[in-house]
There are 2 protein chains.
Amino acid sequence: MISKKMRKSLGGSSVIRAMFEEGQKLSALYGEDNVYDFSLGNPNVEPPAGIKKAIQAILDTEDPTMVHGYMNNSGYEDVREAIAGDINRKYGLDLSSRNIVMCVGAGGGLSVVFKTILDPEDEVITFAPFFGAYRGYIADNGANLVAVPTHLGTFEPDLKALESAVTPKTKAVIINNPNNPTGAVYREPVIKGIAEVLAKKSEELGTDIYIVSDDPYREIIYEDIKIPYMLNYYKNTFIVYSYSKSLSLAGERIGYVAIPNEIAEFEDVAQCLGMATRDIGYTNAPSLFQRVIARCLNESVDVGIYKKNRDLLYNHLAGLGFECAKPEGAFYLFVKALIPDDKAFVEAAKKHNILVVPGSFFGCPGYFRIAYCTSYSKIEKSLDAWRALAKDFK
Amino acid sequence: MISKKMRKSLGGSSVIRAMFEEGQKLSALYGEDNVYDFSLGNPNVEPPAGIKKAIQAILDTEDPTMVHGYMNNSGYEDVREAIAGDINRKYGLDLSSRNIVMCVGAGGGLSVVFKTILDPEDEVITFAPFFGAYRGYIADNGANLVAVPTHLGTFEPDLKALESAVTPKTKAVIINNPNNPTGAVYREPVIKGIAEVLAKKSEELGTDIYIVSDDPYREIIYEDIKIPYMLNYYKNTFIVYSYSKSLSLAGERIGYVAIPNEIAEFEDVAQCLGMATRDIGYTNAPSLFQRVIARCLNESVDVGIYKKNRDLLYNHLAGLGFECAKPEGAFYLFVKALIPDDKAFVEAAKKHNILVVPGSFFGCPGYFRIAYCTSYSKIEKSLDAWRALAKDFK
């Protein structure tokens with residue numbers, strides 16, 4: 001009696017989530033200390049102390065019926081204005097509350113954006129490897145995901161491949177920078193290149209093509225890199241942002257969509273984003289955390305903790321002969337499996353109580369993803385298991 | 001460039017939400033004191049004091065990375081277990097965490113349920129007048145809403161009309177008890193009657209038909225009534241619940257879907273509900289408020305405040321000659337307009353700074369809805385405006 005679409009996807013349910021649940025089962029069986037769960041991008045770094053302080057200040061000083069009540073579908077006006085101001089200061093723009101729609105995390109933001117722009121049979125291009133959940137958001141609108149390869153090694157987008165993949169049906173291109181699952185960071189030449197290809201193809205085909213810039217890892221970077229802000233490079237852009245990683249609030253589902261004044265049909269697009277929040281049923285982003293965000297725009301998590309994790313695990317794996325690009329952002333390592341069959345390799349890892357996600361989930365078989373947003377001591381304890389795993393394939 | 005579906009619904013965007021925004025504009029213009037906004041069901045009664053205490057206790061004693069982090073898509077195991085226990089105590093059932101999926105409010109719950117069960121061209125029956133947002137949730141899955149009349153006056157479902165409306169395409173019937181917009185409460189004979197009609201028609205047609213029981217107003221009742229719990233009457237039932245009204249947390253988007261062990265294909269249905277939370281993009285219900293709910297299962301808002309509002313406004317309107325059934329639950333009055341054209345009447349009310357919603361939004365032209373979840377003093381101040389409005393049509 002379940003729907004045909006759901007029946008079809010029952011088998012291919014999220015590998016990551018299934019792993020997360022399997023990790024919990026293994027932990028119950030062998031003790032949490034003895035299971036090395038690298039499957040889910042669930043931040044282990046504490047939210048900044050400002051979060052707790054902001055919640056307390058709101059509960060002590062703001063009207064509770066307002067704090068916990070409905071507001072416009074797009075979010076509290078003052079919160080959206082504060083976020084617009086924050087973007088303006090950081091990226092030299094001129095946005096206001098009308099450019100911002102608060103969303104239930106980046107996932108909710110992507111869902112709202114795709115509902116706004118996608119018709120059945122439309123195509124959405126992304127670069128493989130890509131975050132597997134994109135499939136569900138796009139399929140939910142009857143549209144098709146088209147995966148374009150990156151240059152293996154650097155995992156930077158292949159611009160020629162992008163150009164040949166654009167068709168009259170192309171409605172949008174999703175960019176995820178810094179990238180999940182590779183940790184790659186796209187610098188200005190890549191961003192400019194993508195914008196140029198799409199401007200050229202839009203012109204050629206007489207269509208508008210949107211860029212959807214999925215930015216939840218924007219602040220999780222390890223080198224002194226300036227990540228270009230897509231609104232400064234391409235007018236038909238949706239920025240989808242979440243505070244899940246930058247403030248370690250993944251479970252609170254708080255983020256936003258930002259659009260520039262120059263986007264085609266601004267008024268209609270803005271109104272549709274608000275309407276989509278209603279039709280999807282979530283109505284508005286959680287109210288208390290909207291107000292928390294407005295008070296925590298200058299807060300950040302300690303990215304140094306992730307960097308220490310990255311260095312420990314990257315160096316160890318490199319020493320064991322694993323092939324992997326050193327990530328500059330996010331908190332993932334995307335590693336070449338020691339056999340071509342990534343799913344079989346991931347199963348083999350489980351025998352050592354190591355949980356990782358096969359590359360095929362990210363549209364890139366032959367690799368696997370490690371989420372190293374776990375404790376340093378857990379990574380230290382896992383080092384022997386990694387050595388034993390490598391030995392199995394020597 | 002927006003999608004065809006969105007383009008189509010741009011005009012028919014939520015009347016209620018548009019009113020809410022219009023109310024804010026009028027308030028800015030004439031001062032909040034001089035605008036009588038009865039358009040939105042946004043609770044004005046404060047959340048119970050236990051909410052603030054629970055938040056503080058959680059922040060002081062629970063691990064912040066757990067409190068604000070991801071959990072299973074369906075929600076924290078311990079929270080779901082606590083909610084199941086609460087249902088068991090109240091309604092004599094035997095549920096556990098596996099029967100509960102935490103959702104982003106009742107809207108999120110309905111969206112997840114419909115995504116789980118609906119194929120394009122399926123039919124969902126509801127009783128008019130009905131909550132207008134159902135249209136969006138159903139249309140979003142390509143299915144069709146079929147409105148069956150109630151007995152005008154009592155607004156109780158017309159069971160004969162229900163029986164003739166069931167077709168081989170009928171996938172579900174939504175019940176909203178207590179009802180938005182009428183405030184009607186369905187007692188046991190009505191609930192049993194609906195269950196019997198659907199059992200008979202399922203048998204006859206060889207199909208399964210679900211009941212979706214949309215229960216956010218369950219605790220907002222004014223008389224000594226025992227509201228029947230649908231899980232005790234019909235096995236293929238989804239209970240969709242939210243703490244929006246019972247704890248005045250509408251903006252926090254926290255609720256759940258409950259299914260009985262006896263529902264057809266239990267395992268698949270439970271898994272699909274979890275998957276749907278992901279594909280819709282909201283991933284999980286907000287984490288802090290899941291934990292708050294587990295600590296506040298015995299809390300409630302002061303329903304007496306709404307009752308006082310109801311009595312003041314109902315008696316005043318009855319005295320002015322308005323026709324209206326006295327509501328036994330929820331916080332709405334559904335009143336016959338003084339002219340057949342409800343939209344024109346609502347426009348006329350605006351001239352007196354009264355904002356109400358036309359009955360056509362609820363599939364019942366000729367009426368209008370008053371949300372009296374506003375302050376007593378505001379209702380007192382509005383009395384003259386209501387008198388002047390009535391006078392306009394005498």
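This is a predicted model: local features need pLDDT of at least 70, side-chain atom pairs count only at pLDDT 80 or more; totals for chains, interfaces and linings use all residues.
## Chain A as a whole

Residues 24 or more positions apart account for 73% of those contacts in chain A whose separation is 6 or more.

Chain A has 14 helices and 13 strands. Its radius of gyration is 21 Å, close to the 21 Å that the globule rule gives for 394 residues, so chain A is as compact as a globular protein of that length. If you draw a box along the principal axes, the C-alpha atoms of chain A fill roughly 60 × 55 × 55 Å. As for burial, 56% of the 394 residues in chain A count as buried.

## How the two chains relate

Chain B can be laid onto chain A by a rotation of 180°, with 0.0 Å of shift along the axis and an RMSD of 0.0 Å. That is the relation of a two-fold axis. Both copies use the same surface: 100% of the contact residues of chain B recur in chain A.

Let's start with strand E7 of chain B, which covers residues 210-214. Here 5 of the 5 residues are buried, so E7(B) is largely enclosed by the rest of the structure. B:Tyr210, B:Val212 and B:Asp214 point one way from the strand, while B:Ile211 and B:Ser213 point the other way, and all are buried.

E7(B) has a parallel partner in strand E6 of chain B (residues 170-176), and 5 bridges join the two. In this pairing, B:Ile174 has B:Val212 of E7(B) as its bridge partner. Getting from E6(B) to E7(B) involves helix H9 of chain B (residues 188-205), and these three elements make a right-handed β-α-β unit. E7(B) also runs parallel to strand E8 of chain B (residues 237-242), joined to it by 4 bridges. There, B:Ser213 stands opposite B:Ile239 in E8(B).

Strand E3 (residues 123-128) and strand E4 (residues 144-151) of chain B pair in the parallel sense over 6 bridges. One spot to look for is B:Val124, which stands opposite B:Leu145 in E4(B). This pair, too, comes with a helix: E3(B), helix H7 of chain B (residues 134-139) and E4(B) make a right-handed β-α-β unit.

What about strand E5 of chain B, at residues 156-157? E4(B) and E5(B) pair in the antiparallel sense, over 2 bridges. B:Thr150 has its bridge partner in E5(B), namely B:Pro157. The hairpin of E4(B) and E5(B) has 4 residues between the strands, and B:Gly153 takes a positive phi near 110° in this hairpin.

## Helix H10 of chain B

Finally, a look at one helix. H10 of chain B (residues 266-279) has 14 residues and reaches 20 Å from its first C-alpha to its last, close to the 20 Å expected at 1.5 Å a residue.

Which residues of H10(B) are buried? They are B:Val269, B:Cys272, B:Leu273, B:Gly274, B:Met275, B:Ala276, B:Thr277, B:Arg278 and B:Asp279. After the helix comes B:Gly281, whose phi is positive, near 100°.

How values were computed. Residues are numbered from 1 along each chain as its sequence is written. Chains are lettered from A and ligands numbered from 1 in the order in which they are written. Copies are superposed by least squares on the C-alpha atoms of residues with pLDDT of at least 70 in both. Two residues are in contact if their C-beta atoms, placed from the backbone, lie within 7 Å. The expected span of a helix is 1.5 Å times one less than its number of residues. A residue is buried if 20 or more other C-beta atoms lie within 10 Å of its own, exposed if 12 or fewer, and partly exposed in between; C-beta atoms are placed from the backbone. Two strands pair if DSSP finds at least two bridges between them. A crossover is right-handed if, with the strands pointing away from the viewer, the path from the first strand over the helix to the second runs clockwise. The radius of gyration is taken over C-alpha atoms; the globule rule is 2.2 Å times the number of residues to the power 0.38.
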